[in-house]
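Dear colleague,

Please read them with the model open beside you.

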Amino acid sequence: MEARTVRLLVNGRTHEVALDPNVTLLQVLRDLGHTDVKSGCEKGDCGACAVLLDGKAVNSCLVLAWQAEGAEILTNAGLGTISDPHPIQEAFADAGAIQCGFCTPGMIVATKALLDRNPNPAEAEIREALSGNLCRCTGYGQIVEAVRLSAERLRDLGSSPASSLAGIRSASEDGREADPEDRLLVEGDETEAGEEA
Amino acid sequence: MTLPAFELRQASSIAETLEILASEPKAQPLAGGTCLLVDARARKIRPETLVDLSRVTELRGIERDGDELVIGAMVTIAELLDSPLVAEHAPVLTAVCRKFAAALIRNRATIGGNLAHASPAADTAPPLLVLDAAIELRARGSVRHAPVAEFLVGPCRSDRRPGELLVSVRIPIRPAETRFAYEKIRLRKADAISVVSAAALHDRGDGAIRLALGAVAPTPIRARSAEGALKKSGLTPEGIADAARRAAEDVRPIDDIRGAADYRSRAVEVLVRRCLERLRGDGGEGPDGG
Amino acid sequence: MDNVQPKPLPDVELPPLKQVGKPLRRVDALGKAVGATAYAADFTMPNMLHAKVLRSDRPHARIVRLDVSKARALPGVVCVLTGEDVKGAKLNTDMPGQTGRAARAGSDAPVLALDVVRYVGEPMALVAAETLETAEQALGLIEIEYEDLPAVFDPEEAMAPGAPILFAPDNVVSRYKIRKGDLESGMAEADLVVENTFRMPFVEHAYLEPDGGVAWVDEQGVINIRVCTQVVEHFRSVARALGVPQNRVRIRGTMVGGGFGSKEDVTVEIFLAFLTRETGRPVKLVYTREEAFAATSKRHPFTVTHRTGVKRDGRITASQVEMVADSGAYPYLTPYVLLYATGMATGPYRIDNVHVDSVAAATNQTYTSAFRGFGGPQAALGYEQQMDEIAKALDMDPLEVRRVNYMGTGDTTCTGQAITSAAWSEECATRALHVLGERSSGSPTVRIGRGLASYFQSYGRITWFHDTSRAWVGVEQDGTVVLRCGVPDIGAGQSNSICQIAAEILGVPLERVTIYATDSAVTPLAGTSTATRQLYMSGNAVSMAAGEIRKNLVGFASGELGVAPDRIDLGDGRALVVDEPSRSIELDDLAKRCAAVGIELSHLAQFNAPFTDGIDPETGQGDIWPDFTFGAVAVEVAVDVETGEIDLRKCAACHDVGRSINPAAVEGQIAGGTHQGLGYALMEDFVLDRGLIATPSFAEYLIPTSVDFPTTDVIILESGTGVGPFGAKGIGEPALTPAAPAVANAVADALGVRISELPLTPERVLRAVDRARAEGPLE
């Protein structure tokens, strides 16, 4: 195999590292010290390794390190620290949403991706956004609460960017379920016949 | 577990990709990686050379081209889900994408990858089959179009020839009154391979009803004899029941870890009936109240 | 079971508390939230090697040839060990962490297979190499020749004559019997006898953190093992297998990313110890997910048969239970799992005449051992489904049948153990049902069903283990508090709970407490994080230790403030005069003054559970556990009778936890345990096909995702009658036990016939629908 030097931009910091082509983003992130990115299955089934790649939540075990060059990579630890935690991280801690904590970094990454697009998600949207992140400890209930709490606190801080997809996702003003006619993400919608406008 | 060793070429254009595929016959395109890298890790495949398509911007993009919707092969399932054009002209595909795998996978899995992997349970196939979609394949010096139905040849076998790259999916744009229905059974509500899936389309323009089934045959298939029967009977209760029975007879499911063959046959009849009833406007519901 | 009103609770006076009972942010929460907490696989050491384990791909075979020469010769490979190289070392897999009684004979498992492999995944050789890739390549270079042997995959077949013998002399690993009262006369008294058989599959723990760790030999020659484990005391088993003194092995446990019983067994520790000793270098071993599935324990499959005599009014006059469990290839904790199932076989019901016969036999399948509930969930799947069948046979309401039979305080279990704490079965059941609200309406193709399951589950270990726990508490000169305790934190808040208790007793905010935990060399040994015992055992040990310091602080403060000790309280970080809070001394000041005159500000305490001597081998009569938790789960399902799909519409869980130390943590345990039970009922099936694993990863073995089930409504009751700190009971395992039978009962209610086997897949549902149509309950 021919290794080459790859530049990876992780949490605002650039790493230059010589890598073989078969190294996954998960492996290189952990080797570079970003051990907050967890390895749970290495095949995209569990979401523990989730990172943001140019703002999209992905399983880093299914991205090759070479493919991630040039992208902005954000891991959970890039959002905040013990002395300066991100509101989402605080909300998870406060809502009792963390038991063993192994799924937590991936969950928070998926939450960040959700709230960046949809600052006021309904419960079904929250659950759908987290559908690729397995948790074995909590039963997801307190995690859903943590996401709701995160959304509320971010709104209070006024720091969340508005969704650019307002036409597709209708975020209601106060977080209640939006009109089912408008939403494309309602569970059970898929069993309706679609009618052209 | 580490991936097996391979060379990785990173193309930045279709032309460059085709050059690589032509000069390195063992090279394989790498799309979203959600199937290919999993298979590689398991040593089910041992690719010598992969061609990374993630920088080939020509393979992205969804646009209307005359009377066709053209979707680049590297468009992700998440992008399909977000696309107003797809929602408008191929809402059955939108419905399928909403139930595709799980959120994280949708950000990487691509329509081209899903088709090229050619799993019998490939979720994008049933909607594309009822939409009569075709794909464009290019090789150095050639362009070929093939209906999706002809492209899916066998379980995890596609008709992609050496040197070819699946470049785009082309969907005929249908009249505005077209209705669709989609049903899928899986063993949990996210991130589970389909046990059975069914897509149905009622084209008000030519009046035809198209039915496609997934995970019940060596490839996703059109339920032709059911379609033929419906042409004669129309969407009457008897016609629907008859078509559903024929569809169940048309399939050749297998026993696997997700379900027994006889369960699948039985489920096909139910799903087809429900899809057709929805097309008729009967409503009805599944267990989740939807 | 519809429109049920909650049974009123007796008046309980729970003393008001300052820290305990509040849903405070846990001490481990923020570190985990920001990704700062290190787990076992996150550690590296300089000069570290990477290890891999070669595992059998046959269920039963003689090892004709195992040739590691090519692997050894691969550049970068530093060490390869086989069963011969470790001289047939055996691992004591019995009674982990016990300080008390001696281990059972014959329960050892080979560290590396020698001569024979008995299940797919059995370890055969170890490789340590400079890189992980090299280690993986080396595995591929090991040449194996097997001679396949006849194998057995069913415990009944394993006990039949002619079966291949895996566990001498007859594959029977364990057997119990209970003989209480007079079964024959009880049956004769009955108006009706109801008999049913229920089956449960292998289940995988599916914790998110794969087993793993790092080991090295330190400057004193002590083997250090950093590992995610539920048992720090495994240093004993490791030392034994290595043939070194126990004080030459140190386990540094990490924050565990889920265990649920799987990490109660020795996993990577033993391999790491051998390799680091052999190479003299640090070694890291982390299991792949597939390895975690194949090579670690599973929940025991059980077949449970109930034959119950009942009167027309619902009263049970006699109960006969037979249980057959699958021990897998090696015993591990099978004898105790079987004991739990046996001792809880008849449920939270008052029955005078009971026979239970239980047996576990070895098969060529993944070994079965501890999994949250430890036989209790399987027992509950037996007795709770049987209760509903009894209700059906008598045409009685399922809640009513239970009401007639519920145990109360003072009644005895089937082993004759008296219930000494509150037994709030009816209080819990009625609340769970009440919260479900109005029954949803169905349709011709969607049938609605409701199911209830009551249960009881022990907390605290088997009392003839003579369980103990230790904790050290100290107050620093600045008024902050340090806890040292061996307790492994496996995510349920084990370390936080004891910090909250110390904070309560010493009157400081939780933020002022720091805990050092899970290190066999420097933290007092607190026993296993299993058996729902940590809050009870270590909570009591911390209470004792903190209590001693409190006495000293209060005693000294009373002198300084000139009032009697009973007028001094500790709160808000100071010692104050009750009713005159302005008269106070800040804790840091008090600590300095105490230190100056030599008053002890730290204390090491040991808490002993009740020590008993075992049950009668002929009658099974005797006390087994310190106490029990009672509760219930109620669910509503919607069953699509055409596709067989089951939609869980509502779920409510109500448990009496005695006293809730941190209500958010209790809620999390209940919600999470319930969820695991829902998965058990509806989608989890670890499938072995003639010993070969058909569900090797999360893609085939399905656990619930965020979109599968609605949030469980959790109702926490506090009777204050537990034997834990502040009257707490335990909730970790109890939370799981009732969920699966509640779902099974709901589906039976929906269809009018019962599916007696888990999981309740769409296929099984359709077969039941066909049966129901043939037999009448469904048109």
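**The sheet of chain B and its helices**

Helix 5 (residues 91–98) of chain B lies across strand 11 and strand 12 of chain B and runs at about 20° to strand 11 of chain B. Helix 12 (residues 261–280) of chain B packs on the sheet as well, touching strand 11, strand 12 and strand 13 of chain B, and its direction makes about 25° with that of strand 12 of chain B. Axes here are lines fitted to C-alpha atoms, for helices over the stretch in contact, with angles running from 0 to 180 degrees between N-to-C directions; helices (H or I, at least four residues) and strands (E, at least two) are DSSP runs numbered from the N terminus; and residues are in contact if their C-beta atoms, placed from the backbone, lie within 7 Å.

Please bear in mind that this is a predicted model, in which local features need pLDDT of at least 70 and side-chain atom pairs count only at pLDDT 80 or more, while totals for chains, interfaces and linings use all residues. Residues are numbered from 1 along each chain as its sequence is written, and chains are lettered from A and ligands numbered from 1 in the order in which they are written.

The sheet itself is open, with four strands of chain B in the order 11-12-13-14 and antiparallel pairing, where two strands pair if DSSP finds at least two bridges between them. Its edge strands, each pairing on one side only, are strand 11 (179–185) and strand 14 (221–222) of chain B. Within it, strand 12 (residues 196–202) and strand 13 (residues 209–214) of chain B are joined by six bridges, and Ala198(B) has Leu213(B) as its bridge partner in strand 13 of chain B.

**A hairpin in chain B**

Strand 4 (residues 62–65) and strand 5 (residues 68–72) of chain B run antiparallel and are joined by four bridges, with Arg64(B) partnered by Leu69(B). The two strands form a hairpin with two residues between them, and Gly66(B) in the turn has a positive phi of about 65°.

**Where chain C meets chain A**

Here 46 residues of chain C are in contact with 42 residues of chain A. On the chain C side, helix 1 (29–33) and helix 16 (663–682) of chain C are the elements that give two or more residues, and helix 16 of chain C provides the largest share, eight residues.

With best wishes

Definitions and conventions
Two residues are in contact if their C-beta atoms, placed from the backbone, lie within 7 Å.
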